[in-house]
Structure formats: structure tokens, C-alpha cells
Amino acid sequence: MSVYNQPRKRVIQLIILGMVSLIVMRLFFLQVVETKYSKLADANAHLRKVIYPSRGIIYDRNGRAVLRNEALYDLMVTPANVKKIDTAYLCEILQIDMEEFRKRITRAINKEGRVRPSVFASLLPQDMYGKLQESMYMFQPGFELVLRPVRSYTYGVGASFLGYISEIPPSLLADSLGRWSAYQQGDYLGRTGLENTYESILMGQRGIQYLVKDNLNRPQGSLENGEFDTAAVAGKNLRLALDIELQVLGERMMQGKVGSIVAIDPKTGGILTMVSGPTFDPNLLSGSYRGQNFNKLYQDTSSPLYNRAIQAMYPPGSTFKPITGLIALDEGVITPAFGYPCRGGYAQCGRFIRCTHSNPGHAANMRTAMANSCNAYFMHLYRLSVDNAKWGGTLKGQAKWVEYLNTMGFGVRLGVDIPSEARGIVPDTGRMNYRYRGQWNSCSEVYVGMGQGLLGVTPLQLANAMCILANRGHYYLPHFVESIDGDRSDILKKYKEKHSVAHISDEAFNSVVLGMEDVVTHGTARGAQIAGVAVCGKTGTAENKARINGKIVQLKDHSLFVGFAPKDDPKIAIAVVVENAGFGSTYAVPIASILMEKYLTDTISAKRMPILQRMMETVTMSPEMRAKSKLDSLNKVNYSTAQGDDLLRKIIAN
Amino acid sequence: MNRSQAKLTAGIDWPVFGLYLALVFIGFLAIFAAEYREGDNIVQNLLSQNKNWARQVLWLGVSMVLATGIWLTDSKFFTATANLFYAFGILLLLMVLAIGTGVKGSHSWLELGGFRFQPAEFTKLCTNLALAKYLSSMETDFTKMRSRLIASAMVLAPCAIIILQNETGLALVYFAFFLVMFREGLPGIILVIAFSGIILVLSALLVDKYILFYIFTGIAALVIYFSRREIRRKRSRLVLILSIWAFCAAFVMFIVPFVFTKVLKDYQVRRIEVMLGKENDPKATYNTRQSMIAIGSGGFWGKGYLKGTQTRFDFVPEQSTDFIFCTIGEDFGFAGSIVFIGLYVALLFRIIFIAERQRSTFSRVYAYGVASIIFFHLFINIAMTIGLAPVIGIPLPLVSYGGSSLMTFTMLIFIMLRLDADRQMVLR
């Protein structure tokens, strides 16, 4: 039988060989002939991961961090691992209900699937994090806390210029060729202030890490030991000219007031402080409740998101008189000895425009006119400048006068290193033609000589003009950033350039400056005197009108002060505007004087302490605005103004 | 070497033993590669038994104990208890139907004190023993239709129960025994008919049934035309041709659609269609696609042991059990795969060689049974990983992870080695 069946053994062997060779042929095709499979395998298993660098820190002039990174935590959920946990307790800690819990789990599953972690609650507030941290063991491994660095404003000040960051909005993302083309959804980006201007420097360079991943896209390690990876480069730190103590003082004094403060170091153009009141704790726009807070701030009647220091245009009032004087001197239409016989008003334009003084000789020369703030004198100077025969006609004279203003930074954007700067309004010929339908002369807007009429200046422009006076004819573009750690680019170059605008003798200059000194020593700004320091200043009480319900209404005057000190070696130039607060000497002068004293002597004298207290407590904001504003309660919720308060106490105690 | 040792290993077929060890070792390496991640603590994993490879080490130990036990058993024990084994196996299968545990859609596991056990694997051994016993018995005359039917029934009975357990793959393996029966005298025409049947089924699945009907009719007409003289002499020829034509037509027109809509499960239909390239459902093709990517990306020389990205990062499902070949294909490439398959072919040919040298019909039939089962597993398993066969879950003998499978194949092989050592005896 065995012999009979021998061929069948062969048949079986052949069947085996035939089938096996079928497999071998197929393997040969798959592994040797076809090459697409190795590419498919790479696509399967490689993951490109972006490594985010830590954002640059912003320091003040004394090296104190005013904007830094703080660690907050996200609660991540991996739905597949959520098993047998006390859901009710977790909900209690997170202050959500069961329905919300289920909704978030569903959203997590929809977004990332069951086995990959996704955000369950982002940027947990400190107290929530504390509670959660204690009982985290109960919720693991389904829930994990993941570190998420966020921006933190150490002293809770500087909202107006530091800016904030947020996830890149779809509108910017859609512009794939623009400035933001390198950003991806979910990336953070500076939206306003310095965060926006210096975005490319602060954000650093993103790194790329190639990982191998498994079938569920979970990273399993680096590819080829990181041979193809590029390391993330941390963002560079900014060093500001800002003095954080002045900033805290300024913001506290502007509480309950509308207006702004700008102080500049005239020798560099570096901004020492910039306050826009009312303001808010910038920490409100960072961390857990950003969206919510933004809406509240956006809708608030006191417009805290509006940076008045660079965006609001005010009639400068008398604080403009040094400018008018300077232009007249530079044009050569007068000499410092020029006097005007003011008898209590200016009548040369067919109407009588009152002056606050009527005693003879109060405008005997530039210095006395400045010290007494003679309206008639400076209106007359304006007319002399514009009607100067040298230019050939009022129209050309007016254009020349505006050109002077432009070179001094009025009516143009200065180019400060934060966005959204306003131009301001100057009486250029276009505007004049429009307002007077082409029929006008030097009398039409004669008020501009005394800082009223067709003029709108920002506090920054006023402070910058003070720099020109302090420096006797030149200025540097006002800016916040003095240096960038480890940066060799020329991004700051334009802030180091000297801009010369006036070409008159020191003697002529001094007639203006001495006039301003007189204002402080025995004029309207006597409150600005600092023992041992020669302060120059000029107050302003600017009339202003607003259209309310279609009617033009005269509002309470703005209180202004501009100045610089010390007279011969100026270290600080300042402009203060308090809206609708009355005389310049009532609010603007004390506020400016406290800041100047603090900056120049590093102390606040005992006699000024009560003034400081009063400034911090007085409210000048209109009751209507204040009643509707939620700003005070908003500012109270935050967590880190404590450090600002500490600093303030230290300043006062010093 | 002392006397007792010499006695202990006397008569063992070293090539089969060596190939057995080689395959089991490769299997362990492959399971390890599929699971190991950089930084795993090997000793701790081994002790805590929390990885497949660690458990496989345990199963290897158990298998070695079993093998030694079998080696020390008298050959006559297996002939004597063959039918008992079979009865026990059938009983186990029925028990599973009643109290079994479900795993991934199939219902073929028995829980025994924390361990799961798949009787469908074990009954292959039982069936093989019983078939050998029946074919070698004095009363059996395999040239008779009755004996052939009884032998077929013995094979198909467990097969039917296993299909009821939803383990179509394991059930298919029982058809391997027809190869044994072919060796023992089942007419070759049956294999030819079976082969034609497969062609018929495939064409019924691939080609539109109306076109097939016309083709069959055309072929029948041609055959009738060319054999018209014979038909004139013998009318029964015409009846035969017409009945074959009628059967084929009925098969494609009614039986296949009926089976597809009423008998087969949806997922089975989809797997078959995917395998035939009729459907491109990404979900259904996922396993095959990932498996082909893994094997294909291995290239000629492979990525190197533990370097495969596809198998190590779980892209291939079931990679330590049914898709274990992916690990070999990816890490060792075409060259490694050829060597690996070569080992199997060597094992199969050696078993056939052993089978042919037996004096007892029992031993020969048994050895052919072992070869056939291993061959079916090997072919279907590898063909499935490279997209030549539908995904039906059957393990790669001795290599795939799994205690039931490893122990069954160990027992199959070592009983054969025991019988071979005693080949001078006549066993019935």
C-alpha cells in the first residue's frame, strides 16, 4: 500500500511547494519590487511636533520683571482611562454640574478621540488648582494636570502698553501669506502693546521635534535620537526705560479719573511711565477668564481698553503756549524781548478774546508772558508767524506753521513702539479750507495760539514737546524698549536717532524755559515745586465741548500740566491730563509733581504725602460714567495686584 | 553522556526536534519585538507576567513539561485512547457552546481558574488521533464509499461545532484532513472536484452571475458539440453534462446569493469582498493594509530586530497572535522571511519523510495529519498577512502567541516523534 501511494506523497509535496512559492512571490513583490510601503510606513509612524519656546520677559529700567511667565495648569482628560472616579467630587472642585461634565467628555472624544489627552478645563485658577492637586490621585489616570505657562503681570500695572496675548484669531490665520503665515491654530500671539510690536522677538523660535508615534498617534520616542530635530530658542527679554514705581504711583493716582500721564527721559526718549486712566489689571486678560473679562472691559462705559495716552486727542490749552512761542522765535518774527500790550484781552480780530490778566506789563517779554500765561500774547505770536511776509501769504504761512508742528511731533504719528497711536489734529490748510470753505485768514483760528480751537494733541505728543524744550531743540522718538537681551538687529536703531527741530540760540530758548520756571516758582504751577530742583512747567485749563444728544455742550475744563526738570540737566519730561477736572493746578500739577519728585529724589516729601493720599482717593470721573462702569469690581477680583500694593506701600514708607 | 540519558533520547528525530525549537524561539523573539518598548524592565515584566512574551515563556515551560510527559508515554497509549480523546474533544466543544466565554466575536473559550483555553485547538489533535485510529483499523477498507464517508464525518463533526462557535478560521483547518485522506487513497478526482469547486466559488463571487450563466451555457454547448458522437453512443453522457451545467448555473444564480445574504455574517461577507478586491472599505481593509505596510516596509534586508516602527507601535492589530508574521517581515525583510518560511518547509518535508518511513498505518496517517494541519495554518496565516487570503484568525504554528495553540502543536509534534521512535512496532 505504501508503495502504491508513493506518487501521492509527491503530489502533496508539490502542493506544499506550489502554495509556498505563491507566498514567496507575493512577498518578493511586496518587499522588494514595490517601494510605496516604506513611505506609507514612515507616514504612519512619524510625528512632527512643534516645541514652543518660553516667551521673553519684560523688565523695567531697574531690572524688575513687570511681565513674566507664570505656570498655570490645564486639566487634561483621556476619556478611555476615566474609570471609577468620584465624578461628583470632581465637578464640585471644578464648579460644574454633571451635564457640563458629560458635555466636556463628549467634546474631548470628538476632538481627540478616546485614547489621546485633550483639555478638560484650561488654565485653572489658583484655588481650584490647589484643591485639585490635593485629590488628584483620585482622578488619575483619566485626568492629569499639565503645566501651561501664561503671562503674568507682576505688579498688575501697565495694561495700556504691555498688551496681552491670545490665540491667533482665524482672520489672521486665513491670511496665509502675511506676517502670521508661520502661525498655526492655537498658537499664541501678542495682540496689543509691546506684546504685539515685539512679537517676533518675544516669541523666540519654535523648535521642531520628530517623534515616532503609535497607531493612536501617541508619541513613543524621538526619531533617530533627535538627529533631525531643531531646538526651540527662548524669546528674548525686553529692557524698558519704564520705572515701575512711577507706573504704580501714576496708576493709583489716576484711579477714579479719566486722563493720562506720560513721562519721558528727554536724554534718551525712553518712556518712564505711561498711564491711561481708568485702567485695569492686565492680569484680567491673562489666564483663566480672559474671554469673559475681555468682553466686560470692552463693554465698560469708561473704555479702559482705550489707551488715552496715545489715542485720545485733547485741546492742549495753555500748555501749548511754549510751542507757539518757540515757533515764533525760530521763525524769527520776534525776539525774546518782544512784548505785547495786553489790556485784558485780544481785540485785533474783530472780537474780544479775554485774557486772565489785565495789569500792564504782564506780557512785556516772552518770559513774563509765559509766566503769566497771557492769551493775547501767544495769539498774537501765532498771527505774526502765519502772516510772516517771508512765506508769502497766510496760506503758505499757515502751512509752514503746521510744518513746524509736524517736526515737533504734532499732527503726525511719532512712531512709539506700541500700536494704535493717534495722529492728532493740527490746523493744516486742508482742514482750514474745509472748516471755513476756503475763506479764512490768521484770525479764523487765532485760538490755536493759546492751545484751543482746531488742535488735538495726545499726551504722548505733549510730553515729547517737553523733551524738545528740555533738550533745547531736539528729541528722540519716545519708546519703551531701551535694549533687547542678546539682540543684534537694528530694530531699535530709529529710537537712538536725534531729531533736531529748532535752530535758535540758547538765549532765545531760555526765555521760554525761564518763563516756565517762573510758572512753577510763582505762577499757576507753584504746587510743582521740588526742594532743590529747578522745575519748569506750564499748566493748562482746556475748554472742551462735546456733542451730547445732538447739542454741543460745554463740558468742565480738562486739567493739564506739562513740564520738565531739572531745568539745566533735564531728566524727566512729563505731561498730565485729567479730563473734566477743572484747573490745571488742581489735579494735573500735584500728580505730575509727585511723579517728578519721586523720580528725581527717589522719595516723596512728607508735605506731599497728604496730596498723594488725596490724589489716590479723589474721583473726578463723571457720576454717570462711574455708575455704569464695572471696572472697580473687575479690578478687585484679581490676584496679583497685591505686589503692586506692596510696592506702593514701600514707596510711601520710604 | 551517561547511559540513562542515551536511553532517554534514543530514537528521537533530531531534525524535527531542532526545527521545533528554532521556530518556537523565533516565535518568542517575534512576540517580544511586537511588545517591547525601550525602557521596559524585562525582569520585572517576566516576573509579573504582564506581557504576552512573558506569558509565552510560561507556556513554553508548560509545553516542555507536556513534551517530556508524551516522550515518556508508551506509544500504545495513543492508539488505545485515540477514540477516547476524540469523544473527550467533542464533549469539550459542546461544553464551550454551552458555557463558553466570548472573545472578540467568537465563542470558543473555556475559563479554567483564570486561564482561558480554546478547545477548538485541542480537538485538532483528537481528530488526528481518531482519524489515524479509524484508517488503520482492520475493519476499515478505505476503497469503500462507506469508510470514506465515515472518515469525512469524523472530520466534519468537530468542524461543524466550531463553525457554530464562530471560529470559521479554525474550522477551515479541519479540511486539511482531506489531504491526509487523499494520501490514504481518496480518489484524486475528489481533489480535482474540490479545486474546480473553489474556482466556481471564486468566479461566482467575482463575475456577474448572468455573464457566468452565458459562459457556462456556452461551455456546455461546446462540450456537447465536440462529444456529439459519444453522446450518440451513450445517452447518459448528455444527462451528465446537462446536470453539471444545471448545477453550475444554479450555484451561481441561487446558492451563492443565498449564502451571502442568509448564511454568512456581515463581517464575513465584507472580509471576503475585501479580499477579492471588490470593496475598498478602509475599516475592513485596515488590518490587511497595515499588515502589508509593515511587511512591505521591511524591504529586502529588513529594518533590523526591534527597529520596526509599524509592529512596535501597534499599527498592526493582533500582532503577537494572528499577525505575528508582520514582525518577521518588517524586522528581517524578504531575506529573513524566506529563511523563516524555509524552516517551515523543511519541517513539513521532514514530517512527510517520517510519515513515509512508518510501518504502522496509524503512525503514517497521524504524521500526515500533523503535516497537513501545520501546512494549512502556515499557508492561510501568511497569505492573510500579505493580502492573499481573507482575514480569518488562525495562528502561525509554534510562533504565534497563545498557550492553547502552542501546547496543541507541541503535543501534535511530540506524539509524532514518540510514534516515530517506535516505528518498528506495529500499532493499531
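## Basis of the model

The model is predicted: local features need pLDDT of at least 70, side-chain atom pairs count only at pLDDT 80 or more, and totals for chains, interfaces and linings use all residues. Residues are numbered from 1 along each chain as its sequence is written, while chains are lettered from A and ligands numbered from 1 in the order in which they are written.

## Chain A as a whole

Chain A contains 24 helices and 20 strands. These elements are DSSP runs numbered from the N terminus, with helices being H or I runs of at least four residues and strands being E runs of at least two. Of its 654 residues, 43% count as buried. A residue is buried if 20 or more other C-beta atoms lie within 10 Å of its own, exposed if 12 or fewer, and partly exposed in between, with C-beta atoms placed from the backbone.

## The five-stranded sheet

An open antiparallel sheet of 5 strands in chain A has the order β12-β11-β20-β19-β18. Two strands pair if DSSP finds at least two bridges between them. The edge strands, which pair on one side only, are β12 (270-277) and β18 (536-548) of chain A. From one strand to the next, the twist averages 10°.

Strand β11(A) is joined to β12(A) by 7 antiparallel bridges, and Ile264(A) has Ile271(A) as its bridge partner in β12(A). These two strands form a hairpin with 4 residues between them, and Gly269(A) in the turn has a positive phi of about 85°. A further 6 bridges join β11(A) to β20(A), where Ala263(A) is partnered by Ile574(A). At the other end of the order, 12 bridges link β18(A) to β19(A), with Thr541(A) opposite Ser559(A).

In a regular strand the side chains alternate between the two faces of the sheet. In β11(A), Gly259(A), Ile261(A), Ala263(A) and Asp265(A) point one way, Ser260(A), Val262(A) and Ile264(A) point the other way, and all are buried.

## Helix α18 of chain A

Helix α18(A) covers residues 459-470 and reaches 16 Å from its first C-alpha to its last, close to the 16 Å expected. The expected span is 1.5 Å times one less than the number of residues. Because 12 of its 12 residues are buried, α18(A) is largely enclosed by the rest of the structure. The helix lies across β11, β19 and β20 of chain A, at about 150° to β20(A). Such angles run from 0 to 180 degrees between N-to-C directions, using axes fitted to C-alpha atoms, for helices over the stretch in contact.

## The nonpolar core

A nonpolar core is a set of buried Ala, Val, Leu, Ile, Met, Phe, Trp, Tyr and Cys residues joined through C-beta atoms within 7 Å. The largest has 138 residues, and those touching the most other members are Ala263(A), Ala463(A), Met466(A), Ile574(A), Val576(A) and Leu595(A). Helix α18(A) gives the most to this core, with 9 residues.

## The contact between the chains

Two residues are in contact if their C-beta atoms, placed from the backbone, lie within 7 Å. The contact takes 35 residues from chain B and 29 residues from chain A. On the side of chain B that touches chain A, α17(B) gives the most, with 11 residues.
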